[in-house]
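Here's a quick tour of a single model, written for someone who likes to know the cut-offs. Have a look first, then read on.

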Amino acid sequence: MSEINANLFAALRHAFPTDLDAIAIETDSQLNYSWRDLERATAMLANLLVSLDLPAGARIAVQVEKSVEALMLYLATLRAGYVFLPLNTAYQSAEIEYFIDNAEPSVVVCSGKNFGWVSQIAFKAGTGHVFTLNEDRTGTLLQRAALCSDKHDVASKKADDLAAILYTSGTTGRSKGAMLTHENLLSNAQVLKTYWGWRPGDVLVHVLPIFHVHGLFVAVHGALLNGSKMIWMGRFDPKKVIEKLPQATVFMGVPTLYVRMLTEPGLTREAVRNMRLFIAGSAPLLVETFSAWQERTGHTILERYGMSETVMLTSNPYDPNQGERRGGTVGFPLPGVSLRVCDDSGQPMPRNEIGGIQVKGPNVFKGYWRMPEKTREEFTDDGYFKTGDVGKIDERGYVTIVGRSKDLIISGGYNVYPAEIEGYINELPDVAESAVVGVPHPDFGEVGVAVVVSKAGSAVQGDQILATLKAKLANFKIPKKCYVVEDLPRNTMGKVQKNLLRQQYQSLFSGSAA
Ligand code: MLC
Ligand code: AMP
């Protein structure tokens, strides 16, 4: 009996509509891509990868601006059976060097403007091939792929084979690569297709970056598995999104996108008349935003919760028969996901009591890349993954996230780990020590503030520290303010009391009372 090919691409390809000449992707620069274009271009790119004679399980690391061709490269990597490693375009050389050294990709694809420094890092790390891919469809990747055949048999994969590695920063030490399998991604996409009621005729407005779970997996797989057209935007512009909404039915965004769209007078009931579903996630959606959206548009945002290691875990119901969408909650565990709330000793907590969220299911990742110890630490003996999120489950089964045990700031949907930023600040010659805390922000939800103690005799200013950091780190990680102080508040054990700093700076941007 021949085994079924568990390659995620095979399932996505199977869902292409019969009419391959129909439009699959329409871009904001007026380019249309048919399903046949997707089929042919992913075959050519897959054939290019195959021609490189890469080892099994080879990683293809990609740091390029958002484009349909970048999406095709993702799909081609799956198709050829290799492992996709997307990298945030904001990452700078020290960050990229770490990822490349750690993941040892066989292929690196970068923007032409970064080829000099990226290729230097890659070749030093032993990468065999560095290609370029630019937003305007130029670069060596497409030049080489153009010479390849447009026929390709989808590589055979087992459910447990790796499809992607997503780096997530750590509370201590360096980033960890979450290893996601074909089964993790496909099972989650299939569950969401049913749970969110994807139907014929749906059209998705795609505005998120495609180097994280939200834009790359949740949004893209959702549309492709439904054979749905995507209206593809290179970057988020609230006015342009609102203009496109009448031609769409589904929108996905981080809370900041909803906050920004609400500032637009063009967001009216008329503009959303054809919309079926607005989905939010990646960061807490304020009840205030949830209610304002409901009032303005008549639509109730569906909030869901997930993470790089697990793809999607919970969702507010789509079907009103299953319950209403409740602002401030992330809904119910998705079908197939077991979710429990435990105390510090690992004992499950009664309903409504707050504890650590642990999860299990076919969507939960295989482990951290080359970090068996770290992987073991993050799983319980009975196989639950400790999310690091703190929450509760109410008597009706709705999950609410109330905080995080991990020291993490989520800013505009991007994760920023204070430990990483403090590490960079503490390395500066004028700095004795530092603490970075998250404070409320009206646009980004939360942003970092750095509090620094300088070395004796130094007159270093906060702005100078931020300027130095800017040259080293991704821009979204840069604290929005930096204060130089005499000393940091400590408890009797000598531990910095970040809660006091958070309180002190709480109203810096929000204007709310401390
Ligand atoms: C940009 N800036 C940010 C920022 N984004 N600062 C803090 N947090 C952010 N998220 C800063 C830049 O550093 C820059 O500062 C200034 O804002 C303008 O930069 P920009 O690039 O022009 O910003 P903009 O295009 O407006 O981007 C904002 C945004 C973007 C909200 C559109 O951040 C975004 O796309 N966020 C989505 C992230 C996402 O997809 N998350 C999903 C993760 S998956 P300066 O000083 O340099 O001018 C996940 C799992 C799950 O979490 O459950 O989904
Ligand atoms: P990432 O590592 O980038 O995948 O981020 C995952 C983290 O984002 C989770 O562990 C949560 O802390 C947070 N997150 C995702 N969705 C939500 C949500 N709807 N509400 C609150 N936090 C969320």
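This is a predicted model: local features need pLDDT of at least 70, side-chain atom pairs count only at pLDDT 80 or more; totals for chains, interfaces and linings use all residues.

Residues are numbered from 1 along each chain as its sequence is written, chains are lettered from A and ligands numbered from 1 in the order in which they are written, and side-chain values use heavy atoms, with hydrogens and water left out.

**The whole chain**

The protein chain carries 16 helices and 25 strands (DSSP runs numbered from the N terminus: H or I of at least four residues for helices, E of at least two for strands). Its radius of gyration is 23 Å, close to the 24 Å the globule rule gives for 514 residues, so the chain is as compact as a globular protein of that length. That radius is taken over C-alpha atoms, and the rule is 2.2 Å times the number of residues to the power 0.38. Along the principal axes, the C-alpha atoms fill a box of roughly 65 × 55 × 50 Å.

Of the 514 residues, 56% count as buried (under 20% relative accessible area; exposed is over 50%, partly exposed in between, with a 1.4 Å probe and protein chains only). Take contacts (heavy atoms within 4.5 Å) between residues at least 6 apart in sequence: 66% of them join residues at least 24 apart.

**Helix 14**

Which residues of helix 14 are buried? In this helix, residues 462-470, they are Gly-462, Ile-465, Leu-466 and Leu-469. They cover an arc of only 95 degrees around the axis, which puts them on the same side of helix 14; the arc is that of the directions from the helix axis to the C-beta atoms. Their cover includes helix 13 (418-426), strand 23 (431-441), strand 24 (445-454) and strand 25 (481-485).

Most residues other than glycine have a negative phi. Here are two that go the other way.
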